[in-house]
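Please read this briefing beside the sequence and the model. It starts with terms and then goes through the chain topic by topic.

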Amino acid sequence: MIIDGKKEAALLREEIKKEITSLKDKTNRVPGLTVILIGDFAPSQIYVRNKEKNSKEVGINSNVIKYSKDVSEEEVLKKIKELNKDKDVSGILVQLPLPDQISKEKIINSIDPSKDVDGFNPVNVGNLASGYNAIVPCTPLGCLLLLKKIEKNLSGKHAVIIGRSNLNGKPMAQLLLKENCTVVITHSKTKNLKEECSKADILIAAVGVANLVKKDWVKDGSIIIDVGINKQGDKIVGDVSFEEVKDKVKKPRDAKSVKISRNAIFSPKNLSTAYFSIF
Ligand code: NAP
């Protein structure tokens, strides 16, 4: 079984649109998202354009503030301070990566945690790790939403995550722990990676190495989520060798595979974003 992530994303957008319409009816207000885009890095331009498009589609007031790549750190921090106080701005997102003269850490720390759409502020990271309500980074949240479409109850599942980044691997582990999974986080120094992966009921690959996970790394009947986006010539491929695993999933009751890519969805419930769709 292969999940149609694009369909799930469209359904979620519909749901969010209804919530925003009802919020507007009750309060005459809608959520406002401000994105700060610095420089002309092509992928960032695309991500921000998609966020803007999806926000508009669901009824969020979306605003993009653009700076040239040589803007000072001070100027950006000043703008974030203003946005933190602005009652019409419910979410702030500073598109990464940032130019060298700007400290990512300072920027992330300066965003009001209640408006930190990306969930990177240490307050949100700490809340997630403590099992409290938190704004959760979008990609792992999208993965969890998709996982739950396949399996409502994840309790007791053996989950293996490849990758320990703050963006993907670590928050994914926290989310799965909260679902009562037994979680193993692997990384570049892990010994016997193949053996670890082959034990997984749930395998999340967030590595950035094209086609790392092969057919014989995957247990029958497991759920695989491939977060990787890797350029191979003109093609984009994942971290899981999709062609190999796809053959395996053709058999009934076999591995279920999902490809995640970038469609930003903004949830007014928790001011977080979820990205997912098949590519
Ligand atoms: P990252 O910060 O570079 O982290 C990669 C992780 O993979 C690190 O923990 C690294 O281990 C581990 N790793 C690298 N090579 C490995 C290997 N050969 N075996 C085992 N582990 C290995 O990357 P990221 O930001 O998490 O992104 C991961 C991938 O997801 C990229 O392809 C990125 O483009 C993609 N991505 C997709 C989405 C989406 O919406 N689908 C969103 C964000 C990112 P160490 O910690 O030991 O270095």
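Helices (H or I, at least four residues) and strands (E, at least two) are DSSP runs, numbered from the N terminus. This is a predicted model, in which local features need pLDDT of at least 70, side-chain atom pairs count only at pLDDT 80 or more, and totals for chains, interfaces and linings use all residues. Residues are numbered from 1 along each chain as its sequence is written.

**The chain as a whole**

- The chain has nine helices and 12 strands.
- Of its 279 residues, 42% are buried; a residue is buried if 20 or more other C-beta atoms lie within 10 Å of its own, exposed if 12 or fewer, and partly exposed in between, with C-beta atoms placed from the backbone.
- Two residues are in contact if their C-beta atoms, placed from the backbone, lie within 7 Å.
- Among contacts between residues at least 6 apart in sequence, 64% join residues at least 24 apart.

**The nonpolar core**

- A nonpolar core is a set of buried Ala, Val, Leu, Ile, Met, Phe, Trp, Tyr and Cys residues joined through C-beta atoms within 7 Å.
- The largest one has 63 residues, and Ile161, Leu203, Ile204 and Ala205 have the most contacts inside it.
- Helix 6 (residues 138–150) gives the largest share of this core, six residues.
- This core lies between domain 1 (5–131 + 261–278) and domain 2 (138–259), because both give residues to it; the domain bounds come from an automatic or database domain assignment.
- Apart from its neighbours within four places in sequence, leucine 203 is in contact with Val160, Cys197, Val218, Ser222 and Ile224.

- The 23 residues of helix 1 (residues 5–27) should span 33 Å at 1.5 Å a residue, and the end C-alpha atoms are 32 Å apart, which agrees; the expected span is 1.5 Å times one less than the number of residues.
- Gly5, Glu8, Ala9, Ile16 and Ile20 are buried in helix 1.
- Asparagine 28 lies in the loop between helix 1 and strand 1, and its phi is near 60°, a positive value in a residue other than glycine.
- Asparagine 28 is exposed, with 7 other C-beta atoms within 10 Å.

- Two strands pair if DSSP finds at least two bridges between them.
- An open sheet of three strands has the order 2-1-3, with parallel pairing.
- Strand 2 (61–67) and strand 3 (91–94) are at the edges with a single partner strand each, so one side of each has no neighbour in the sheet.
- Neighbouring strands are turned by 15° against each other on average, direction ignored; axes are lines fitted to C-alpha atoms, for helices over the stretch in contact, and angles run from 0 to 180 degrees between N-to-C directions.
- Strand 1 (residues 32–38) pairs with strand 2 over seven bridges in the parallel sense, and leucine 33 has serine 62 in strand 2 as its bridge partner.
- Helix 3 (residues 73–85) packs on the sheet and touches strand 1, strand 2 and strand 3, with its direction at about 180° to that of strand 1.

**Backbone exceptions**

- Most residues other than glycine have a negative phi, and most peptide bonds are trans.
- The peptide bond from leucine 96 to proline 97 is cis, with omega near 0°.
- Proline 97 is in the loop between strand 3 and helix 4 (104–110).
- Asparagine 180 is in the loop between helix 7 and strand 5 (182–186), and has a positive phi of about 65° although it is not a glycine.
- Asparagine 180 counts as exposed, with 12 C-beta neighbours inside 10 Å.
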